[in-house]
Amino acid sequence: MRSVSSWLRLACVLCLAGAALNHAADVWRGGWLPYGYAPLWLNTFWTSLTLLDPLAAAMLWRRSPGGVWLLLGIMLTDVTVNLKFSLHLGSTIENSAALLAQILFLGFVLGAAPTLLRDRT
């Protein structure tokens, strides 16, 4: 039977892989910097997640503490900018399933991080 930390790590890796595939699909369809409706800094950030998400997943898989810290940085930044941008556009959390899912995943990551940082075996 796997340890709790192994299941937490697997959940994070799978979520990061899904997010990376979403960003990669956007780049595939729209080219580099595909989010033309967003300011350049935000377009650049979202596009960079095409590389940062799989990097964090690989680091987590290898049980690197840096992967946990990178995941925390990605999620805190992503939720913050997405929430700010959504509110700027007049959206609400209730109207955005994707944003709500990101907020819930951020909560999961914040809860899992201490366990993941302790487990290096």
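This is a predicted model: local features need pLDDT of at least 70, side-chain atom pairs count only at pLDDT 80 or more; totals for chains, interfaces and linings use all residues.
**View 1. His23, a buried residue in helix H1.**
His23 sits in H1, the helix that covers residues 4-30. With a relative accessible area of 13%, His23 counts as buried, because the cut-off for buried is under 20%. Which residues does His23 contact, once neighbours within four places in sequence are set aside? They are Tyr35, Trp46, Leu49, Thr50 and Asp53.

**View 2. Helix H1 packed on helix H2.**
Now for the helix pair that His23 belongs to, as one of the H1 residues meeting H2. The axes of H1 and H2 are 8 Å apart, and the packing angle is about 155°. Angles over 145 degrees count as roughly antiparallel, so that is how H1 and H2 run relative to each other. The crossing of H1 past H2 is left-handed. On the H1 side, the contact uses Arg9, Leu10, Cys12, Val13, Leu16, Ala19, Ala20, His23, Ala24 and Val27. Facing them from H2 are residues including Trp46, Leu49, Thr50 and Asp53, and these four also turn up in the contact list of His23. Sorted by class, the H1 and H2 contact comes out at 15 nonpolar, three polar and two charged residues.

**View 3. Helix H2 packed on helix H3.**
H2 (residues 40-61) also packs against H3 (residues 65-88): their axes come within 9 Å and cross at roughly 155°. H2 is therefore roughly antiparallel to H3. What is the handedness of the H2 and H3 crossing? It's left-handed. H2 brings Trp41, Leu42, Phe45, Trp46, Leu49, Leu52, Asp53, Leu55, Ala56, Met59 and Leu60 to the contact. H3 answers with a list that includes Gly66, Gly67, Val68, Leu70, Leu71, Ile74 and Phe85. The class tally for this contact is 16 nonpolar, four polar and two charged residues. Keep an eye on Trp46, Leu49 and Asp53: they touch H3 here, and they also meet H1.

**View 4. Ser86, a buried serine in helix H3.**
Ser86 is part of H3. Is Ser86 buried or exposed? Its relative accessible area is 16%, which is under 20%, so Ser86 is buried. Leaving out residues up to four places away in sequence, Ser86 touches Ser91 and Leu99.

Definitions and conventions
Residues are numbered from 1 along each chain as its sequence is written. Side-chain values use heavy atoms; hydrogens and water are left out. Helices (H or I, at least four residues) and strands (E, at least two) are DSSP runs, numbered from the N terminus. Buried means under 20% relative accessible area, exposed over 50%, partly exposed in between (1.4 Å probe, protein chains only). Contact means heavy atoms within 4.5 Å. Axes are lines fitted to C-alpha atoms, for helices over the stretch in contact, and angles run from 0 to 180 degrees between N-to-C directions. Angles under 35 degrees count as roughly parallel, over 145 as roughly antiparallel, 65 to 115 as roughly perpendicular and the rest as oblique. A crossing is left-handed if the near helix is turned anticlockwise from the far one by less than a right angle, and right-handed if clockwise. Ala, Val, Leu, Ile, Met, Phe, Trp, Tyr, Cys and Pro count as nonpolar, Asp, Glu, Lys and Arg as charged, and the others, Gly among them, as polar.
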